[in-house]
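This report describes selected features of one protein model. Please consult the sequence and the structure below while reading.

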Amino acid sequence: MPELPEVEVVKQSLDKKIKEKKVRKILVRNRNLRKKVPFNFEFFFLNEKILKVSRFSKYLILHFSNKKKCLIHLGMSGTIHYVKNNKKNMITNTSFYNSPKLPTKHNHIEIFFDDCKIVYNDPRRFGFFEIVENEKILKKKFNHLGPEPFHLSYNLDYIYYKLRGKEKNIKNFLIDQNFVSGIGNIYASEILFLSKINPNKKAKNLKKNDCMKILINSKKVLLEAISKGGSSIKDFKNISGNQGGFQNEFKVYQREGLKCKRTNCSGIIKKKNISNRSTFFCNSCQK
Ligand SMILES: [Zn+2]
């Protein structure tokens, strides 16, 4: 499932490729995504120009010249392919998930421009496309979400007071989008390893110093992942021919049974299911 760094990589590719382009045609092949694609979706953005592509948490936002927006969530398995006219068999995927080339099945939405199109592919259909009328409504949509790890409001006081007295374990807090936006399974494991905190630890047992480590390492892990182009779970490349490189930096994720990478630690990486999600941690240095 794409997390904040992977969605950021898609955002950067799209912003580079489709900014300033006018929508010429929209084709919806299947409306039954997680939310039903609105019936006027095909006409809503017709002949409007894309001013920019932005991102909040794991959401992509296309900003149009008529002030309206298109909100996109990639769900579990959604990818966006960039296809140039008259070019066949090229790498089209703007992310590192699933097929690097445009698959033949599960292409649900196509948005056409003069010299190219983008295609939304999603085998499991947990993603969605939504029309948003204006900036104000867009902000409202994100009201329930916690700050991004890079935002000023994600600070020591915020973390400390949110966690204080809570029975819930810290791993579940980190992947809770109401607490902080954009962190999922991979990065939560990595953040807790760097912070030397056991993922099972109850939030109420964390000291202020632990909160400080979580704050610093949330920013550090995500920024590093973005700078490395996200994580390529299956070795695929994106349209610029690059591969996400952060998987080579994993300290704990998918390293079950291997030796801890921390100097002077003889621990072994364990895998445990916490609330049905695989969680990786060192059995020795994470307390
Ligand atoms: Zn260790």
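In this predicted model, the loop that connects strand 4 (69-73) with strand 5 (79-84) contains Met76. Is Met76 buried, partly exposed or exposed? Its relative accessibility is 34%, so Met76 counts as partly exposed, given that this class lies between under 20% for buried and over 50% for exposed. Together with Met1 and Phe126, Met76 makes up a nonpolar patch on the surface. The accessible area of these three residues together is about 250 Å².

| Donor residue | Donor atom | Distance from the zinc ion |
|---|---|---|
| Cys260 | SG | 2.3 Å |
| Cys265 | SG | 2.3 Å |
| Cys282 | SG | 2.3 Å |
| Cys285 | SG | 2.3 Å |

The angles among the four donor atoms run from 103 to 115 degrees, and the site of the zinc ion is tetrahedral.

Which residues touch the most other members of the largest nonpolar core? They are Tyr154, Leu163, Ile170, Leu174 and Phe179, in a core of 38 residues. Two or more residues of this core come from each of helix 4 (156-163), helix 5 (170-174), helix 6 (185-194), helix 7 (208-227) and strand 10 (277-282). The greatest contribution is that of helix 7, which supplies seven residues.

How values were computed:
Residues numbered from 1 in each chain as written. Predicted model: local features only at pLDDT ≥ 70, side-chain atom pairs only at ≥ 80, totals over all residues. Heavy atoms only, no water. Patch = residues over 30% accessible without salt bridge, like charges linked within 9 Å, V, L, I, M, F, W, Y side chains within 5 Å. Areas by Shrake-Rupley, 256 points an atom, 1.4 Å probe, with all protein chains shown as cover. Salt bridge = Lys/Arg side-chain N within 4 Å of Asp/Glu carboxyl O. Helix = DSSP H or I, 4+ residues; strand = E, 2+ residues; numbered from the N terminus. Buried < 20%, exposed > 50% of the residue type's maximum accessible area, 1.4 Å probe, protein only. Donors = N, O, S within 2.8 Å, 3.2 Å for Na, K, Ca; no water. Tetrahedral: all angles 85-135°; square planar, octahedral: opposite > 155°, others 65-115°. Core = buried A, V, L, I, M, F, W, Y, C linked by side-chain atoms within 4.5 Å.
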